[in-house]
Each structure stands twice: as structure tokens, then as C-alpha cells.
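Subject: Structure for you to look at

Hello,

Please find the structure below. My notes on what turned up follow it.

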Amino acid sequence: MRAQFVLSEIGVGLRRNLTMTFAVIVSVALSLGLFGASLLMSDQVDKMKGYWYDKVNVSIFFCNKNDAGSGTHCAKGAATEQQKNDIKAELNRLPLVQNVQYESSDAAYKHYKEQFGDTPVAGLVTPDQLPESFRVKLKDPTKFAVIKSAFSERPGVQEVQDQRGTVEPLFNLLDGMRIAALCVMMLMLVVALLLIVNTVRVSAFSRRRETGIMRLVGASSFYIQMPFIMEAAIAGLIGAVFACALIVGGKYALINNWLAKKIQVVNFIGWDSVASVLPLVLLIGLLMPAIAAFFALRKYLKV
């Protein structure tokens with residue numbers, strides 16, 4: 001009997017405040033959709049970093065004969081074989097170095113031609129202008145500064161270059177987009193909470209006579225508050241379901257059917273990442289409105 005009464009009160013409350021309930025559902029759906037999207041974007045950025053950082057190298061470029069007199073490290077011209085051998089031996093002794101590969105001027109010119117093809121820029125460089133180098137693979141790519149500080153000042157070394165610089169701007173852009181999504185999500189979350197509080201307040205005010213009678217006949221505060229809390233929880237859960245639909249639809253349409261086909265060099269997140277986010281979205285959608293309603297009722301349900 002009590003459960004039937006609570007359910008009937010929930011139905012009455014949802015019908016009486018249909019417009020505000022709809023607004024709560026929409027705001028919760030949008031805020032939790034952005035929340036899930038920001039979590040997935042964070043996973044995507046971390047996955048891309050792990051993928052690309054694992055492929056980038058640290059390049060130690062040696063002076064060639066065209067650099068004679070151009071700087072302190074290359075004042076004597078091209079690096080000697082002894083200097084290159086000493087650097088290679090020292091690199092092989094470092095525990096953070098995974099492997100070292102030598103690239104000749106001819107190999108560098110071949111890669112240069114592959115990159116620029118038949119463009120006018122390709123004819124501006126000759127093989128003897130490109131320096132020899134060691135391509136150093138690190139076990140931890142974030143330790144680039146160790147290699148740079150150890151070898152950038154060595155005689156015969158023209159430059160120590162980290163290839164992470166070519167992909168770092170992209171990661172910074174993605175991090176900025178993730179932060180922007182989180183800020184918008186927080187704003188939408190605040191709007192959703194305010195709507196929930198106002199909806200509960202209006203519902204409690206419209207049923208103040210019924211709640212007064214329930215208090216007079218000995219109903220507990222929790223029993224009186226339960227229909228209002230359940231109304232908010234149901235609205236939030238419906239919004240969370242819509243948020244999950246937005247996340248799944250975004251993954252299918254935006255990533256699988258568009259980005260994955262347009263940008264094939266990127267290893268995008270899979271459905272396992274989406275599956276790990278959806279339960280959290282549903283849980284927040286259920287608990288957040290219920291908790292907000294509980295605290296709102298403590299102030300506004302005065303009978």
C-alpha cells in the first residue's frame with residue numbers, strides 16, 4: 001500500500017511539473033553527454049600520446065662540411081668518425097635508450113624527397129647539405145631533456161631535436177578542447193542542479209496540503225520526501241539514458257563513420273572505452289538529482 005501511494009505521488013508530481021521535468025531531462029542529458037564526451041576525449045588524447053610518442057625519436061644531427069665556421073660546435077667542419085663513435089657508445093650505455101640508428105646524408109635526402117616529392121622545394125637541397133644523424137629511440141619519450149643536455153654541447157653535434165615537437169601542438173589543441181568541454185559541462189551541470197531544485201520546490205509547494213496532512217497522521221519525514229526524491233531521480237535517469245544515447249551515437253557517427261575514414265593514421269578509441277563511461281553516466285544521472293532534491297527538501301518542505 002505504501003509503495004503504491006509513493007508511486008502514485010511520483011506520477012502526480014511528474015504530470016504537474018511536466019515542463020520543468022522536461023527541462024531537467026534535457027539539461028541533465030546535455031551536461032552528462034558533455035561529461036562522457038570529455039572523458040572519452042581524455043582517453044583519446046592519452047591513447048594518441050602513447051601511440052605517437054612511442055614512434056617519435058630524438059635526432060642527434062652532426063655537423064657536415066658546409067657548417068665549417070658557422071658555430072662553436074661546427075667550427076671545425078664535419079664531425080669526425082671518432083666523435084660519432086664516442087657518442088654512439090655513450091648512448092648505448094644509457095639505460096633510458098632503447099636503440100640507436102644511424103642515418104646517412106643520402107638516406108636523409110631520400111626521406112626528404114619522399115616528403116616533398118616533385119614540389120619546387122625538393123630541388124633546393126642536395127644530399128651533401130643534409131647532416132648525418134643518430135635516431136635515438138627512448139624507452140620513455142618524456143626523458144628527451146636528458147639526451148639534449150648530455151649531447152647538445154658536444155663537439156661535432158649540430159643540433160639535438162625531439163620529434164615530439166611536431167605532434168605536441170595537436171595534443172595541446174586536444175587538451176584545450178577537453179578543458180573547454182569540461183567547462184561547458186560544469187555550466188550545464190549547474191543549470192541542471194538549479195532546475196532540479198526549482199522543480200522540487202514547485203512540486204513541494206503545490207502539494208503542501210497533502211504533505212501537511214501526512215505529517216499530522218504521523219508519516220515520517222523520509223516517507224514524505226521520498227516521492228519528490230524519486231521524481232528527481234527518475235528525471236535524471238531519463239536524462240542520463242539520453243546522454244548515453246548521445247555518446248553512443250557520437251562514437252558511431254562521428255568517430256567510426258567519419259573520422260576513422262578521414263584520418264586513418266590515428267588509432268581511435270574503441271567501444272570498450274565507451275562501455276566503461278556509460279555506467280558512470282547513468283550512476284551520476286541517478287544520484288545527482290536525488291541528492292540535490294534531498295537537500296532542497298530540507299529547506300523548502302516546511303509543513
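The patch consists of Leu237, Val241, Leu282, Leu283, Leu286, Leu287, Ile291, Phe294 and Phe295, which together have about 740 Å² of accessible area. Two or more residues each come from helix H8 (221-262) and helix H9 (271-300).

Some conventions before the rest. This is a predicted model, in which local features need pLDDT of at least 70 and side-chain atom pairs count only at pLDDT 80 or more, while totals for chains, interfaces and linings use all residues. Residues are numbered from 1 along each chain as its sequence is written, and side-chain values use heavy atoms, with hydrogens and water left out.

Patches take residues with over 30% relative accessible area and no salt bridge, joining like charges within 9 Å and nonpolar side chains (Val, Leu, Ile, Met, Phe, Trp, Tyr) within 5 Å. Accessible areas are from the Shrake-Rupley method with a 1.4 Å probe, and for residues only the protein chains shown count as cover. Buried means under 20% relative accessible area, exposed over 50%, and partly exposed in between (1.4 Å probe, protein chains only). Helices (H or I, at least four residues) and strands (E, at least two) are DSSP runs numbered from the N terminus.

Next, the sheet. Four strands make an open sheet in the order S2-S3-S1-S4, with antiparallel pairing (strands pair if DSSP finds at least two bridges between them). The edges are strand S2 (97-103) and strand S4 (157-162), each with a single partner strand, so one side of each has no neighbour in the sheet. On average, neighbouring strands are turned by 20° against each other, direction ignored.

Strand S1 (residues 58-62) is joined to strand S3 (residues 133-138) by four bridges and to S4 by five. Ser59 stands opposite Arg135 in S3, and its bridge partner in S4 is Gln161. Five of the five residues of S1 are buried, so the strand is largely enclosed by the rest of the structure. Val58, Ile60 and Phe62 cover one side, with Ser59 and Phe61 on the other.

In S3, Ser133 is buried at 0% relative accessibility. Leaving out residues up to four places away in sequence, Ser133 touches Ile60, Phe61, Phe62, Gln101, Tyr102 and Glu103, where contact means heavy atoms within 4.5 Å.

Last, the charged pairs. The whole structure has four salt bridges (a side-chain nitrogen of Lys or Arg within 4 Å of a carboxyl oxygen of Asp or Glu). Arg135 forms one with Glu103, the closest N and O atoms being 2.5 Å apart. Arg135 is in strand S3 and Glu103 in strand S2, so this pair ties together parts 32 residues apart in sequence. Both residues are buried.

Glu81, Lys84 and Glu132 are linked in a salt-bridge network. Glu81 and Lys84 meet at 3.0 Å, N to O, and are about one helical turn apart in helix H3. Glu81 is exposed at 53% relative accessibility, whereas Lys84 is buried at 5%. Lys84 also pairs with Glu132, with the closest N and O atoms 2.9 Å apart. Glu132 sits in the loop between helix H4 (105-116) and S3, 48 residues from Lys84.

Regards

Technical notes: Axes are lines fitted to C-alpha atoms, for helices over the stretch in contact, and angles run from 0 to 180 degrees between N-to-C directions.
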